[in-house]
Amino acid sequence: MRIAFDFDGVIADDEAEAVFKGDNLEKFHEYEDKNSNIPHKPGPLADLFKKLSFLQKLEERERERDTNYKPIIRTAIVTARNAPAHERVITTLEDWGVSANESFFLGGMVKNRILSRLKPHMFFDDQISHLESEAGDIPMVHIPFGIANS
Ligand SMILES: [Mg+2]
């Protein structure tokens, strides 16, 4: 089962999103760079992400015990962030003791390009505009949270 998450407004709260919306991309990068060693506060799906990560640790343990065991959960983060703002994502996940199998820091690239390759069984994002798949076959869930929805 592959589950993909946006970061801001989904795994993390909308603190950074508010800076981006209030100022611009340059100010956002400045702000995130300055705070790169401060973890974000949890967003609406932080708890789900943490629980999946915990299950993955159990799966990893099982695989060490039984080499035939195939882990069934895979997680991905698909975010519009890119360097230097990726640092704070890493800081946040490390602080929570969790990780994703894959992380995509897309910069300006449309999310659909990655999602159509990744083919997650579910993708969560707080921005409606990110939930438009040309392929049209990826289950996408809108998280109506934070400044992106005000
Ligand atoms: Mg977002």
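Modeller: The protein chain contains five helices and five strands, both being DSSP runs numbered from the N terminus (H or I of at least four residues for helices, E of at least two for strands). Read from the N terminus on, the order of elements is β-α-α-α-β-α-β-α-β-β. With a radius of gyration of 16 Å, close to the 15 Å that the globule rule gives for 150 residues, the chain is as compact as a globular protein of that length; the radius is taken over C-alpha atoms, and the rule is 2.2 Å times the number of residues to the power 0.38. This is a predicted model, in which local features need pLDDT of at least 70 and side-chain atom pairs count only at pLDDT 80 or more, while totals for chains, interfaces and linings use all residues. Residues are numbered from 1 along each chain as its sequence is written.

The strands form an open sheet in the order E3-E2-E1-E4-E5, with parallel pairing; two strands pair if DSSP finds at least two bridges between them. The edges are taken by E3 (102-105) and E5 (140-142), each with a single partner strand, so one side of each is left without a neighbour in the sheet. From one strand to the next, the twist averages 20°, where axes are lines fitted to C-alpha atoms (for helices, over the stretch in contact) and angles between N-to-C directions run from 0 to 180 degrees.

Strand E1 (residues 2-5) is joined to E2 (residues 74-79) by four bridges, the two running parallel. Arg2 has Arg74 as its bridge partner in E2, and Ile3 stands opposite Thr75 of E2. E1 is also joined to E4 (residues 122-125), again in parallel, by three bridges. Here the bridge partner of Phe5 is Phe124 in E4.

Two loops that connect strands and helices have backbone features of interest. In the loop between E2 and helix H4 (86-96) lies Pro84, which is joined to Ala83 by a cis peptide bond with omega about 5°. The loop between helix H5 (111-118) and E4 holds Lys119, whose phi is near 45°, a positive value in a residue other than glycine. Most residues other than glycine have a negative phi, and most peptide bonds are trans. Lys119 counts as exposed because it has 12 C-beta neighbours inside 10 Å; a residue is exposed with 12 or fewer other C-beta atoms within 10 Å of its own, buried with 20 or more, and partly exposed in between, the C-beta atoms being placed from the backbone.

In H1 (residues 15-22), the buried residues are Ala16, Glu17 and Phe20. Seen down the axis of H1, they fall within an arc of 100°, so they line one face of the helix; the arc is that of the directions from the helix axis to the C-beta atoms. Helix H2 (25-34) is included in what covers them. Ala16, Val19 and Phe20 of H1 meet Leu25, Lys27, Phe28, Tyr31 and Glu32 of H2, contact requiring C-beta atoms, placed from the backbone, to lie within 7 Å. The axes of H1 and H2 are 7 Å apart, at an angle of about 145°.

For the chain as a whole, buried residues make up 29% of the 150 residues. Of the contacts between residues at least 6 apart in sequence, 66% join residues at least 24 apart.

Conventions: Contact = placed C-beta atoms within 7 Å.
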